[in-house]
Amino acid sequence: MNPSKNRTRYPIYILLATVSVIAVSIRCLGRDIITADFENCLNLWHLDMLHAGPGIDALLAYTGDYPMPYAFIIWLLGKLPIPFLYSWKLFNVLFDFALAVTAGKVVKQLKPGHPYSFVLGFCITLLLPNVILNSGFWGQCDCVYTTFLLAAFYFWLRKKYPAVMLMLGIAFSFKLQSIFFMPFLLIAYWLERKFSILQFLLIPVTMFVMNIPAILAGYSPMITFTKYIGLTTECPWLYYYYPNIWFFYQIRPYYRFGTSPILLTVVVLLIFVLLLVKKKVRLNQENALPILLWTAYTCAFFLPAMHERYGYFMELLAVIMAIVNIRSLWIPLIMIACTLPKYLFAVGIGENPLSIQMAEAFGNSVLYVVYTCVLWSQLFQRNEHRHLLKSEKEGKAYAEI
Amino acid sequence: MLKFEHTVIEWINDHMIYFALGFVLIVAVWIRAAGCDYVGNDYHFSLYDIPENCQSFLYRSLVGFLIERSDFIVILLKCFSYAGDFAVAMLAMLFWRQRHSRLNATAAFFLLTACLLSPVVLIYSMGGMKVDSLCMTLLLVGILCFRKKWFLPAAFAVALAAFLSPAYWPVVIVLSCLAAIKQKKEGTLSLPMAAALLCLLCLLVLSVFLENRGMDNGYFWGKLFVFNPLTRESYAGPGQWLTGMVKLYGYFFATGSLLLAFDHRKMRLPALFVQLAVLLYVGWQQTYALAI
């Protein structure tokens with residue numbers, strides 16, 4: 001083995017190990033925090049299944065609204081000889097590391113010439129405040145589906161399309177908001193034409209496979225999809241704490257205006273696709289990440305009943321974009337700043353009064369509009385600036401964003 | 001990818017604009033249908049419970065007439081707003097066609113989307129019962145008539161807009177002055193136009209007398225400078241006056257700048273930010289003061 005390569009790798013390994021230890025130590029500080037979500041939901045679901053017996057048919061006693069793969073994991077974690085609070089958080093922290101590895105691989109794919117690409121992606125992801133708070137303190141599991149969404153994007157960059165569908169299927173099995181990835185995938189399918197529509201069938205097949213434990217427990221095979229039907233009507237509010245435009249119109253009745261935001265979201269995405277087709281823009285390694293971020297951001301910004309945690313995937317994408325091009329650092333900074341107060345409030349730190357919520361919504365709204373203007377001007381300009389996005393020089397691809 | 005998929009995608013790409021047009025129209029109608037009997041606060045605060053708060057003698061009389069004779073007053077009033085929205089969209093397309101000699105599907109799509117699905121337009125017509133869209137329609141009709149040198153119909157059209165909402169009188173006056181100055185500079189200020197301007201002035205005087213009548217039959221001037229037309233309470237300060245003006249002219253500036261942006265590239269960003277500002281302002285009022 002090349003000794004000079006070894007000398008380069010040792011500092012990287014040491015850095016990775018150090019950051020990992022720091023990340024775990026910080027998360028340990030929150031191991032005993034019991035949030036309302038854990039106390040009123042996760043723990044109750046765990047106890048319901050625990051008291052239903054030792055066999056897998058205990059899954060039938062599950063009363064939660066999370067999809068069945070989560071129920072299976074809760075059931076499995078309940079069998080460990082440690083308190084469920086610790087096992088649940090440990091599971092999520094492990095997925096933080098998986099998320100960090102995936103983020104590192106994405107950064108390395110987008111910035112191949114840089115020796116520290118993977119390290120930057122890994123370390124920064126692990127140390128992000130929203131990532132730390134989400135798993136170690138709040139006890140939420142957004143890292144799980146985000147890992148698989150990021151993996152899907154990674155495989156898309158590698159042009160391994162069956163793997164993309166597989167990862168997306170697994171992500172969908174865990175959370176319905178994996179749908180934020182779909183606009184990008186549909187755009188990729190439409191513009192690139194590198195894979196068949198039949199490959200989309202891998203998604204429901206994967207979801208079905210992920211639900212096999214529930215089916216073995218006695219559920220109908222349709223549980224794979226019926227679980228989501230209830231979720232779409234569970235939160236009948238336009239605004240549900242994600243700082244989007246609906247904060248300003250939260251008093252409007254959902255039963256009357258709930259469909260309008262969904263239609264408006266589709267219209268906005270339709271305009272974008274129309275412009276992409278008209279201007280003959282092609283997806284490539286340089287513009288894929290900004291487009292994925294924008295489409296996911298549009299969904300979270302316009303759709304109703306968005307929880308405050310639903311920005312998790314976009315925040316991570318924005319961070320990766322900033323790692324690839326430091327000039328876009330303002331995007332993740334503002335994005336995370338707009339949701340961080342809610343994370344802190346959820347874990348019992350500080351308050352989240354209406355004035356702060358308004359500031360969050362205002363900041364996020366302005367950020368969305370500005371990012372839309374910047375991205376659209378970059379993609380749809382008619383002059384040679386568009387060719388800068390295809391430049392082979394490292395980092396220049398995002399020079400204008 | 002299958003060859004069949006290629007063929008289908010190519011076909012859809014060639015006709016995508018038509019699909020998009022149809023979709024936008026369906027969405028525009030669907031969204032409005034969802035709010036067709038939604039009763040916003042302005043119905044209670046300025047039309048039904050406290051009609052004197054409505055700043056228009058004509059509109060107030062019309063609503064009073066309809067309330068006595070119709071069980072579907074809310075839907076009727078909403079239909080006025082919706083008709084205004086579609087009329088503004090049609091007129092915007094007409095203006096485009098006049099300026100560019102033809103209206104292609106792409107232009108029609110973007111014009112329709114902007115005029116029918118602009119968030120400010122939806123808030124004003126669907127969330128409330130504002131008559132701004134009708135006023136805007138009449139203003140655009142007036143401009144159209146003026147371009148065809150039909151001066152008297154133009155004067156009546158813009159005057160009708162101002163009678164429906166007296167807040168539009170300053171707009172009408174400014175537009176008339178600009179038109180008169182332009183015609184004078186070009187040396188084409190004709191007798192019919194002068195007659196139309198005089199007619200407009202008479203209608204303005206009539207409107208002032210009709211609208212500025214207080215509860216004790218006294219008169220108070222400058223309705224635009226009064227916070228509460230019922231009690232004649234003035235604005236507390238420049239800040240409150242400014243927010244009052246945003247409430248009165250939000251639709252006009254948002255839609256007007258949007259229409260200008262189609263012809264002037266430099267207006268696009270300002271138009272977008274005007275929309276955002278009005279949207280956030282109205283929303284802020286929603287959250288704190290239940291304004292609409």
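How many salt bridges does the rule find across the interface of chain B and chain A? In this predicted model, the rule finds one salt bridge across that interface. The salt bridge is formed by the side chains of R193(A) and E10(B), with a nitrogen-to-oxygen distance of 2.5 Å. Between chain B and chain A, five residue pairs are counted in polar contact, both residues of each pair being at pLDDT 80 or more.

On the side of chain B that touches chain A, two or more residues are contributed by each of the elements α1 (3–34), α5 (105–117), α6 (119–127) and α12 (268–289) of chain B. Of these, α1(B) provides the largest share of that side, 15 residues. By residue class, the side of chain B that touches chain A consists of 31 nonpolar, nine polar and three charged residues. The contact as a whole draws 43 residues from chain B and 39 residues from chain A. The size of an interface is often given as the accessible area lost when the parts come together. For chain B and chain A, the buried area is about 3700 Å², and carbon and sulfur atoms account for 75% of this area.

Attention now turns to the nonpolar cores. The largest nonpolar core comprises 217 residues, of which W88(A), F153(A), W156(A) and F181(A) touch the most other members. When neighbours within four places in sequence are left aside, F153(A) is in contact with V106(A), F181(A), F184(A), A288(A), L289(A) and L292(A). Another core lies apart from the largest one and holds 11 residues, including I12(A), F97(A), V119(A) and F122(A). In soluble globular proteins, nonpolar side chains tend to be buried together.

Y154(A) belongs to helix α7 of chain A, which spans residues 142–157. Is Y154(A) buried or exposed? Because its relative accessibility is 10%, under the 20% limit, Y154(A) counts as buried. The side chain of Y154(A) is in polar contact with the side chain of R158(A), at 2.7 Å. With neighbours within four places in sequence set aside, the residues in contact with Y154(A) are K105(A), V106(A) and Q109(A). Between the C-alpha atoms of Y154(A) and M167(A), residues 13 apart along the chain, the separation is 9.9 Å.

Definitions and conventions
Residues numbered from 1 in each chain as written. Chains lettered and ligands numbered in written order. Predicted model: local features only at pLDDT ≥ 70, side-chain atom pairs only at ≥ 80, totals over all residues. Heavy atoms only, no water. Core = buried A, V, L, I, M, F, W, Y, C linked by side-chain atoms within 4.5 Å. Buried < 20%, exposed > 50% of the residue type's maximum accessible area, 1.4 Å probe, protein only. Contact = heavy atoms within 4.5 Å. Buried area = accessible area lost by both parts, 1.4 Å probe. Salt bridge = Lys/Arg side-chain N within 4 Å of Asp/Glu carboxyl O. Polar contact = N/O pair within 3.5 Å; in protein donor to acceptor, adjacent residues only side chain to side chain. Helix = DSSP H or I, 4+ residues; strand = E, 2+ residues; numbered from the N terminus. Nonpolar A, V, L, I, M, F, W, Y, C, P; charged D, E, K, R; others polar.
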